[in-house]
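Colleague: I would like to learn how to read a model feature by feature. Please give me the general idea each time, then the case at hand.

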Amino acid sequence: QLTPSSFLRVGQLSNVDLNEDVRELETELPRPRPNEIPHNEKLLSLKYESLDYDNSENQLFLEEERRINHTAFRTVEIKRWVICAMIGILTGLVACFIDIVVENLAGLKYRVVKDNIDKFTEKGGLSFSLLLWATLNASVVMVGSVIVAFIEPVAAGSGIPQIKCYLNGVKIPHVVRLKTLVIKVCGVILSVVGGLAVGKEGPMIHSGAVIAAGISQGRSTSLKRDFKIFEYFRRDTEKRDFVSAGAAAGVSAAFGAPVGGVLFSLEEGASFWNQFLTWRIFFASMISTFTLNSVLSVYHGKAWDLSNPGLINFGRFDTEKMGYTIQEIPIFIFMGVVGGILGALFNALNYWLTMFRIRYIHRPCLQVVEAMLVAAVTATVGFVMIYCSRDCQPIQGSTVAYPLQLFCADGEYNSMATAFFNTPEKSVVNLFHDPPGSYNPMTLGMFTLMYFFLACWTYGLTVSAGVFIPSLLIGAAWGRLFGISLSYLTNASIWADPGKYALMGAAAQLGGIVRMTLSLTVIMMEATGNVTYGFPIMLVLMTAKIVGDYFVEGLYDMHIQLQSVPFLHWEAPVTSHSLTAREVMSTPVTCLRRIERVGTVVDILSDTSSNHNGFPVVESNPDATQVAGLRGLILRSQLIVLLKHKVFVERANLSLVQRRLKLKDFRDAYPRFPPIQSIHVSQDERECMIDLSEFMNPSPYTVPQEASLPRVFKLFRALGLRHLVVVDNRNEVVGMVTRKDLARYRLGKEGLEELSLAQT
């Protein structure tokens with residue numbers, strides 16, 4: 001979560017859905033809320049669990065897989081394609097809904113304010129118009145902020161860092177819930193209509209991911225409805241693949257860039273990838289763009305036209321009039337450098353701001369007040385800038401949606417108002433396509449300066465909002481300014497078209513802030529419908545990334561680090577070969593015997609000091625000749641299902657007479673397994689024995705204790721493990737490597753740093 005309030009939800013378990021007989025447990029302790037939360041970025045939080053991307057190959061799993069024949073596997077494959085198509089359709093529809101609602105509400109707001117300003121310009125008293133505009137903005141943003149802060153704090157921000165963590169294998173609470181989707185969509189609509197410096201493109205990625213996670217499970221745990229379909233996909237491995245498809249569909253709905261969506265999922269999102277996945281994800285992205293396109297075309301009354309491929313349409317760039325020459329390439333590279341420096345400045349400012357927010361603004365009511373303050377300030381700044389601007393342009397031949405006349409002569413409009421008095425998407429398109437001479441350099445300079453600080457202040461508020469469009473807008477403004485000043489300096493007409501420079505500036509600024517390279521190049525090419533600019537855009541983005549990385553890391557990585565998430569990068573830190581598994585692993589390990597007393601299991605699971613999720617299973621009765629070697633690994637969730645179904649016998653030598661558990665019983669409990677406190681085990685049952693041999697994974701991955709850290713890291717990261725058992729040469733368990741043990745080591749300024757672990 002990108003909100004400071006996450007640091008309050010410390011010992012707060014989420015409500016767990018059990019069978020109806022057990023009431024929902026709430027373990028929320030009333031604790032005094034501190035005024036300042038000390039926060040240090042050199043921490044790793046222990047509140048994040050890992051996802052289990054490794055299938056537990058126990059006897060039940062193997063039996064079921066052997067029962068499935070070839071045709072059944074083919075139906076599973078068909079189901080995967082069907083799910084991908086459904087993800088695409090639904091993501092496209094959600095994007096349509098957001099777009100249409102924003103267009104109507106924002107249009108209504110701007111018309112009201114415009115009429116009011118026109119009325120008061122005649123007879124004086126414009127401060128009333130300012131008051132009206134600021135009040136409208138603040139009240140709309142207040143609603144959007146209240147629902148996020150009080151109902152679902154995960155929906156704050158753009159959601160890209162959270163999805164990135166989810167695909168990396170970190171379980172962020174509530175991130176793919178239905179409630180999050182509803183709050184996200186409403187929050188985005190409200191924050192864009194409230195005139196904040198935000199875009200609606202980033203949250204589309206999160207929305208797509210939630211839709212994918214929901215559809216692929218074939219049921220809703222929030223609504224307690226089970227549709228009995230897609231039961232095969234109820235495990236983390238399958239869910240992850242669909243979530244990366246959903247993220248790609250979100251990108252392609254936002255920008256009309258299906259290939260860009262696939263590459264985004266590959267570059268920013270998915271930590272695990274295979275070839276079949278690429279084709280399925282591309283299919284989902286294409287369907288999503290097509291759905292959005294056809295629905296919006298019907299809505300705009302051009303049913304067969306298909307002219308709205310994405311939520312933001314940069315419009316076509318004509319190659320004839322806007323080609324580039326070889327001598328412009330150094331200029332583009334210079335723009336990339338500027339974008340990298342400005343992006344690094346943006347990220348550094350946002351970093352200090354977020355630290356301040358985590359420390360002081362962590363109560364929901366304070367967060368709402370801050371959001372309203374930002375909304376009012378944004379309106380005020382916009383109004384003052386429009387009021388003070390004397391930049392008038394003739395109306396005829398221009399494509400302004402809400403032309404404000406203010407103090408201009410009749411038949412003219414105020415050109416500062418086209419930038420501020422509009423949704424950010426429209427402003428970007430205007431900056432790209434307005435003919436040369438539509439903007440005064442002074443107007444653009446002031447606008448860039450103001451919008452830079454507004455966008456920086458807005459990102460990380462408790463509202464759902466993306467950072468894509470504001471960064472494009474800042475970049476387009478200074479890029480256009482750059483183009484105008486070039487044509488002043490050279491007096492040549494070849495440099496004349498500033499739209500091209502606006503495009504390069506937008507790419508440079510966005511690349512400097514989020515540091516994406518490949519996917520962003522393709523997204524920009526697809527959104528402008530022009531391949532000629534591929535090379536300059538690539539150069540600009542590469543330069544921006546190299547320059548920006550020299551100062552600070554990208555915005556999303558920075559927020560992941562600020563949340564103290566145990567995120568595993570592609571490679572282990574470069575200098576870590578000196579460490580071995582023995583130094584990295586956690587000890588001592590809680591082991592279970594293959595046939596264990598029920599009481600022991602319950603006590604181990606109920607022990608709050610060690611909330612382990614995986615337990616190595618060792619041989620039951622080691623005599624002098626036989627060591628207690630590793631026999632398998634069993635998960636906490638599996639043990640809880642076994643206790644819930646009371647799979648035990650009185651004495652060790654009796655066989656089990658009850659009905660056997662099927663894999664379905666484990667799947668039905670996924671993903672919200674009941675907590676151990678809700679399972680009642682009587683005193684007699686505590687004396688029974690439980691046989692783990694058919695439920696444990698008999699072949700867990702192990703490493704010898706002499707293995708070096710990069711080797712352990714590669715195994716853990718490539719297979720998406722949650723537990724890696726460390727054994728000695730006699731196959732006895734000596735330790736356990738989990739995600740936190742590996743994520744602790746990070747390359748800092750002085751070399752290898754070890755982060756401390758904290759309970760926050």
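Colleague: Is Ser-564 buried or exposed?

Modeller: Look at relative accessible area: buried is under 20%, exposed is over 50%, and partly exposed is in between, with a 1.4 Å probe and protein chains only. Ser-564 has 2% relative accessibility, so Ser-564 counts as buried. This is a predicted model, where local features need pLDDT of at least 70, side-chain atom pairs count only at pLDDT 80 or more, and totals for chains, interfaces and linings use all residues. Residues are numbered from 1 along each chain as its sequence is written, and side-chain values use heavy atoms, with hydrogens and water left out.

Colleague: Where does Ser-564 lie?

Modeller: Ser-564 is in the loop between helix H19 (555-562) and H20. Helices (H or I, at least four residues) and strands (E, at least two) are DSSP runs, numbered from the N terminus. The protein chain has 26 helices and 18 strands.

Colleague: What is phi of Ser-564 near?

Modeller: Start with the background. Most residues other than glycine have a negative phi, and most peptide bonds are trans. Phi of Ser-564 is near 55°, a positive value in a residue that is not glycine. Asn-731 also has a positive phi, about 65°, and is not a glycine. Asn-731 sits in the loop between strand S14 (724-727) and strand S15 (733-737). With a relative accessible area of 32%, Asn-731 is partly exposed.

Colleague: Which peptide bond is cis?

Modeller: The bond from Thr-587 to Pro-588 is cis, with omega near -10°. Pro-588 belongs to the loop between helix H20 (581-584) and strand S8 (592-593).

Colleague: How should I read confidence? Over which residues does pLDDT stay under 50?

Modeller: pLDDT is the predictor's confidence in each residue, from 0 to 100. It stays under 50 over residues 1-36. The model has 82 contacts for that stretch beyond four places in sequence; a contact means heavy atoms within 4.5 Å. For the protein chain, the mean pLDDT is 82, and 89% of the residues reach 70 or more.

Colleague: What share of the contacts links residues 24 or more positions apart?

Modeller: Among contacts in the protein chain with a separation of 6 or more, 78% join residues 24 or more positions apart. Of the 760 residues, 58% count as buried.

Colleague: What does Phe-432 touch?

Modeller: Leaving out residues up to four places away in sequence, its contacts include Phe-314, Phe-317, Ala-476 and Arg-480. Gly-499, Ala-502, Leu-503 and Ala-506 also touch Phe-432.

Colleague: Back to helix H2. What about Ala-106 there?

Modeller: Ala-106 is in helix H2. Its relative accessible area is 4%, so Ala-106 is buried. Ala-106 and Val-192 are 86 residues apart in sequence, yet 8.0 Å apart in space, C-alpha to C-alpha.

Colleague: Which side chain makes a polar contact with Ser-129?

Modeller: A polar contact is a pair of N or O atoms within 3.5 Å; within protein, one must be able to donate a hydrogen and the other to accept it, and residues adjacent in sequence count only if both atoms are side-chain atoms. The side chains of Ser-129 and Asn-116 form one at 2.7 Å. Ser-129 is in helix H3 (residues 127-151) and is buried, at 0% relative accessible area. Beyond four places in sequence, Ser-129 contacts Asn-116, Ile-117, Phe-120 and Phe-383.

Colleague: How many disulfides does the structure hold?

Modeller: A disulfide is a pair of cysteine sulfur atoms within 2.5 Å. The structure holds zero. Cys-84 is buried at 1% relative accessibility, and Cys-165 is buried at 2%.
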